[in-house]
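The tour below moves from one selection to the next.

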Amino acid sequence: MISMGINRDEDNKRTDCNIPFPINLALPSPYYRGSFGIASLAETVSFTNACLPTEMIVKEIKESVTASSQRFFKMRTSLGTQLQANTAALKKLEDNNYNCN
């Protein structure tokens, strides 16, 4: 699970995050102040009051979702095929009285 929150000011505008060194010029993404967290079954990591390169993060999330979706659909197809084979084998066993005389 990934979560990201952008801090907002009293006018509900995103809080800019100015990076005081040259890397700010090298990256095209606007930075906003906020929080970012990643949780898995094993560990949770979070950062608060951090500078978030929002466009870069959104791009990474989209790429990750696309890759995960492709992996899921491939797995679903494979498991669907296995289910059909197992269902046919079970039906055969039932029709043969589970190979009991």
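How many salt bridges does the structure hold? The structure holds 1 salt bridge, where a salt bridge is a side-chain nitrogen of Lys or Arg within 4 Å of a carboxyl oxygen of Asp or Glu. Before selecting it, note that this is a predicted model, in which local features need pLDDT of at least 70 and side-chain atom pairs count only at pLDDT 80 or more, while totals for chains, interfaces and linings use all residues. Residues are numbered from 1 along each chain as its sequence is written, and side-chain values use heavy atoms, with hydrogens and water left out.

**Stop 1: the salt bridge**

Select aspartate 95 and lysine 91. Their closest N and O atoms are 3.0 Å apart. Side chains of opposite charge can pair when their charged atoms come close. Both residues belong to helix α2 (residues 54-95), and they are 4 residues apart, about one turn of the helix. An α-helix has 3.6 residues a turn, so residues three or four places apart point the same way.

Is aspartate 95 buried or exposed? Aspartate 95 counts as exposed because its relative accessibility is 54%, whereas lysine 91, at 46%, counts as partly exposed. The classes are buried for under 20% relative accessible area, exposed for over 50%, and partly exposed in between (1.4 Å probe, protein chains only).

**Stop 2: the whole chain**

Colour by secondary structure. The protein chain has 2 helices and 3 strands, and along the sequence they follow the pattern β-α-β-β-α. Helices (H or I, at least four residues) and strands (E, at least two) are DSSP runs, numbered from the N terminus. Of the 101 residues in the protein chain, 13% count as buried.

**Stop 3: helix α2 from end to end**

**Stop 4**

The 3 strands form an open sheet in the order β1-β2-β3, with antiparallel pairing. β1 (2-6) and β3 stand at the edges with a single partner strand each, so one side of each has no neighbour in the sheet. Neighbouring strands of this sheet are turned by 20° against each other on average, direction ignored. Axes for this are lines fitted to C-alpha atoms, for helices over the stretch in contact, and angles run from 0 to 180 degrees between N-to-C directions.

Two strands pair if DSSP finds at least two bridges between them. β1 and β2 run antiparallel and are joined by 5 bridges; here isoleucine 2 stands opposite isoleucine 38 in β2. Strand β2 (residues 31-39) is joined to the antiparallel strand β3 (residues 44-53) by 8 bridges, and a hairpin of 4 residues connects β2 to β3.

- Tyrosine 32, with leucine 52 in β3 as its bridge partner.
- Glycine 34, with alanine 50 in β3 as its bridge partner.
- Phenylalanine 36, which stands opposite phenylalanine 47 in β3.

Stay in β3 and select proline 53, found in that strand. Proline 53 counts as buried because its relative accessibility is 17%.

**Stop 5: a nonpolar patch**

Switch to a surface view and select Ile2, Ile38, Ile61 and Val65. Together they make a nonpolar surface patch of about 330 Å². Patches are made of residues with over 30% relative accessible area and no salt bridge; like charges are joined within 9 Å, and nonpolar side chains (Val, Leu, Ile, Met, Phe, Trp, Tyr) within 5 Å. Accessible areas come from the Shrake-Rupley method with a 1.4 Å probe, and for residues only the protein chains shown count as cover. Valine 65 is found in helix α2 and is partly exposed, with a relative accessible area of 49%.

**Stop 6: positive phi angles**

Most residues other than glycine have a negative phi, and most peptide bonds are trans. Which phi does asparagine 49 have? Asparagine 49 has a positive phi of about 55°, although it is not a glycine; this residue is found in strand β3. Just after α2, asparagine 97 also takes a positive phi of about 55°. Finish at tyrosine 98, in the segment after α2, where phi is near 55°. Tyrosine 98 is partly exposed, with a relative accessible area of 48%.
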